[in-house]
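Hi there,

Here is the structure I promised to pass on. Have a look at it first, and then read on for what turned up in it.

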Amino acid sequence: MINLNVNGKTQQIDADPATPLLYVLRDHLQLDGAKFGCGLGQCGACTVLVEGRAVLSCVTPISTLGERRVTTLEGLGTPDKPGRMQRAFIAEQAAQCGYCIPGMIMQAQALLEANPRPSPAEIRKHMSPNLCRCGTHMRILRAVERAAREP
Amino acid sequence: MNRRAFIARGGALIVSFSLFARLAGAQAGKLPGSLNNEPMLDAWIRVGADSRITVFTGKAELGQGIKTALIQVAAEELVVEPGAIELVTADTARTPDEQYTAGSQSMQESGTAILHAAAQVRAVLADLAAKRLGIPAERLTIRDGAINGIRYGELVAGQALHVRAQPKSPLSDPTARRVMGKPLPRVDIPAKVFGQAIYVQDLRLPGMVHARVLRPPSYGARLRALDAGALAKMPGLLKVVRDGSFVALVAEREFQAVAAVRAAAKAAQWDERATLPDPQQLYETIRRLPSQDTVIHEAGKAGAGAGMIEAEYRRPYQMHASIGPSCAVGLYRDDALTVWTHSQGVYPLRGAIAEMLAMPKERVRCIHMEGSGCYGHNAADDAAADAALVARALPGRPVRVQWMREEEHAWEPYGPAMLSKARARVDASGKVEDFQYEVWSNTHSTRPGPAGYLAPAWHLEKPFAPPPPRPIPQPTGGGDRNAIPLYRFANSRVVHHFVTEMPLRVSALRALGAYMNIFSIESFMDELASAARADPVEFRLRHLEDARAQAVVRAAAERFGWAAYRKQPGRGRGFGFARYKNLAAYTAVACEVEVDRDSGRVRVTRAVAANDSGDIVNPDGIANQIEGGIVQSISWTLHEAVSFDRARITSVDWSGYPILRFPDLPDSVEVQLINRPGQPFLGTGEAAQGPTAAALANAFADASGVRIRELPLNPARVRQALGF
């Protein structure tokens, strides 16, 4: 058994310690926000926060986490109490298929936690690890800028 | 004319209806859109006794926003708020059969059907109300799901809506709309930003197990041996399903299945064959392979003579490259199979799976759930076939099959590599004559239908072979889509070389051959404009007779500031235009690029599009599609090519197949929409791909003075072209 701190709750996980966090979030904890995209740390679809920093959960074995706090998309808000990033993505209609969007939101959340007023160039640089295939990038950038404006 | 007017009294909402003949319904005896295939009104719209309205479509949400647009159409004609409508999408047990969600045709087919069905349902309800109240239908007031205060659910009884649609409908006045033509927030977006379980990847059924497939390392590989002993101790492994070279590992937990397939890959021995062409000789190979040659257009006698300009263009194999690899869930129980799938065509897929499993198709149900965006025929159907094969081996247990990244990159059917040749000259008055264009391409559709188009079926003990490919005929075309210019040229001839042998697996990628043909023809137009010493925009207008085509060209040029453009060093501007399929949406794109001569890096700084998709339902939905199409086409055009050796695909992850990332983005992408209320829906999804590629290539030529005619314009090719 491994204890994980996910969205403020301690969870007991019965899995091989080498299991990547992504699989534990989805398969053990039924948290569907983080997505499987590549399993190689190349696309960002699985991005979550660990102690506020963006981490690629598909290449992060649960054994490496210890007591550090994991935050997933579900930890940012709910339809009743949406987080500011979620509100901004809805306001900008910043999704097409939406599959990359949870990773985008988490990556952007990490940026604003470290740098509450990023410049457009800083946003582009910071979002660089995350791939979108629908070409929703311009709206994603607008959503991040909006979230930075509207805390 | 069967003109109706509903005029309200006493300050109630005034809704007047009149009849607007649409092309889709105007042909004698033919019903509008997909009503022609499914004519019963209650196949499309049902009203419950509780007044709840359910609308059914055979089309699927692919991230293009179709659900929202169809709800708007129904809400408009049914005179209800969009939130009052529940929409059911592609499901072989519940919805009409509308074949594939593809070809930018969902609005023309399903949108048109639902528009007319909703108007006719409203008329049926009005007749029922008129009879009940003893008031002429013309004097009734319809508002918010009620007629003279009587809720729809109180009016419908029994089989009231189980009637055949009529060819003409009392459509509402397009100048007095409440819902259509106005931006409506997408109904699917909130669930996506809160991480709710809406993708097939998220489907979790009671007792569900996880499978991974041991995919062969190359197209020609056959499994020689699999050391089962190596798998015996894999934790959680429930079953190894083997049928010929098809091997699936089934485990309780998902990562256990991943670990098992990795172990199996080490324990497997394959016989491989070198079946792929020499990548250095790709275009020569395409030209040399056997082809069926068709003259698809001939006007006058296109001849040769002095001043002929010639050019050859090339496009490599390119991928759909969905961000989420394909996935499906299958459940086989009581001799019946259910598959949850992100396929674009649940009905054709059902037939293919039934054929593969030798089951009656009535015993197979395919239900669409969203997946990652597909942009055409990716591995969705293959994953569904995997799930069907594995589920049959584990009756009673839901089986989830998730493809890995390397499988998706290596096994999805690519957009075909293509070759084109253009020849023409400019006469003394500066107009094009003797235009000749030839295009070489594989098929752009190997969709199931036939089980032989499901990749897993190739590997079974009793394999299914792909049937011989057939070209998609004009006027839409496949490899020859948009190969006939919309421009009016004196003497022109267009030839389609349909290459029948397919060394790499290919199928439909967004816009099919239109991407390459528009890139080619619109690049060539700039070459001809240069010969005529004409401005590229003016040169296009000179050859366009269609007023709507001229309108988008002018709108894009004006919004871009074409006439006042000031060229800066290292930068240039370009233009591209097409009417998709020559019968759908009009799109013009103007862009500026900057070229870094040292690194070979090209970046679009600004892109401006003008689009006419006919009658606009959700303007923000169209803008989102055009913006996305532009950005995706920039990625294809600057970065993307499938790589392979003589046996294997070698671009099997994002490092081997780079796509556009945030720092490569334009500073701005602007979309100007031209609305044509009351005109037919023209669709949007694929409209931007070709014009963007052309505008980009033309802008590169303007910036650098060098024209590149082979895609992609990646740093290596750019450096080579610039003499580094």
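This is a predicted model: local features need pLDDT of at least 70, side-chain atom pairs count only at pLDDT 80 or more; totals for chains, interfaces and linings use all residues.

Let me start where the two chains meet: 45 residues of chain B are in contact with 46 residues of chain A. Contact here requires that the C-beta atoms of two residues, placed from the backbone, lie within 7 Å. On the chain B side, helix 5 (189-193), helix 6 (254-267) and helix 15 (619-639) each give two or more residues, and helix 15 of chain B gives the most, with eight residues. Helices (H or I, at least four residues) and strands (E, at least two) are DSSP runs, numbered from the N terminus. By class, the side of chain B that touches chain A has 20 nonpolar, 14 polar and eleven charged residues.

Residues are numbered from 1 along each chain as its sequence is written, with chains lettered from A and ligands numbered from 1 in the order in which they are written.

Chain A

Chain A has five helices and five strands, which run β-β-α-β-β-β-α-α-α-α from the N terminus on. Its radius of gyration is 15 Å, which agrees with the value near 15 Å for a compact globule of 151 residues; the radius is taken over C-alpha atoms, and the globule rule is 2.2 Å times the number of residues to the power 0.38. The C-alpha trace of chain A spans about 45 × 30 × 25 Å along its principal axes. Of the 151 residues of chain A, 58% count as buried. Buried means 20 or more other C-beta atoms within 10 Å of a residue's own, exposed means 12 or fewer, and partly exposed lies in between, with C-beta atoms placed from the backbone.

One residue to look at is Glu67(A), in the loop between strand 4 and strand 5 (69-71) of chain A. Is Glu67(A) buried or exposed? Glu67(A) counts as exposed, because it has 9 C-beta neighbours inside 10 Å.

Chain B

Chain B is divided into domain 1 (23-190), domain 2 (200-272 + 322-411) and domain 3 (503-721). The centres of domain 1 and domain 3 of chain B, taken over C-alpha atoms, are separated by 36 Å. In the contact between these two, 22 residues of domain 1 of chain B meet 22 residues of domain 3 of chain B. Helix 3 (106-133) of chain B gives the most to the domain 1 side, with five residues, and that side has ten nonpolar, twelve polar and no charged residues.

One is an open sheet of three strands with the order 1-2-3 and mixed pairing; strands pair if DSSP finds at least two bridges between them. Strand 2 (residues 53-56) and strand 3 of chain B pair in the parallel sense over four bridges, and Thr54(B) stands opposite Glu86(B) in strand 3 of chain B.

The other is an open sheet of four strands, order 21-22-23-24 in chain B, again with mixed pairing. Strand 21 (571-579) and strand 24 (668-673) of chain B stand at its edges with a single partner strand each, so one side of each is left without a neighbour in the sheet. Strand 23 (residues 601-612) and strand 24 of chain B pair in the parallel sense over six bridges, and Ala610(B) stands opposite Gln672(B) in strand 24 of chain B. Helix 15 of chain B packs on this sheet, touching strand 22, strand 23 and strand 24 of chain B.

Best wishes

Methods
Ala, Val, Leu, Ile, Met, Phe, Trp, Tyr, Cys and Pro count as nonpolar, Asp, Glu, Lys and Arg as charged, and the others, Gly among them, as polar. Domain bounds come from an automatic or database domain assignment. Axes are lines fitted to C-alpha atoms, for helices over the stretch in contact, and angles run from 0 to 180 degrees between N-to-C directions.
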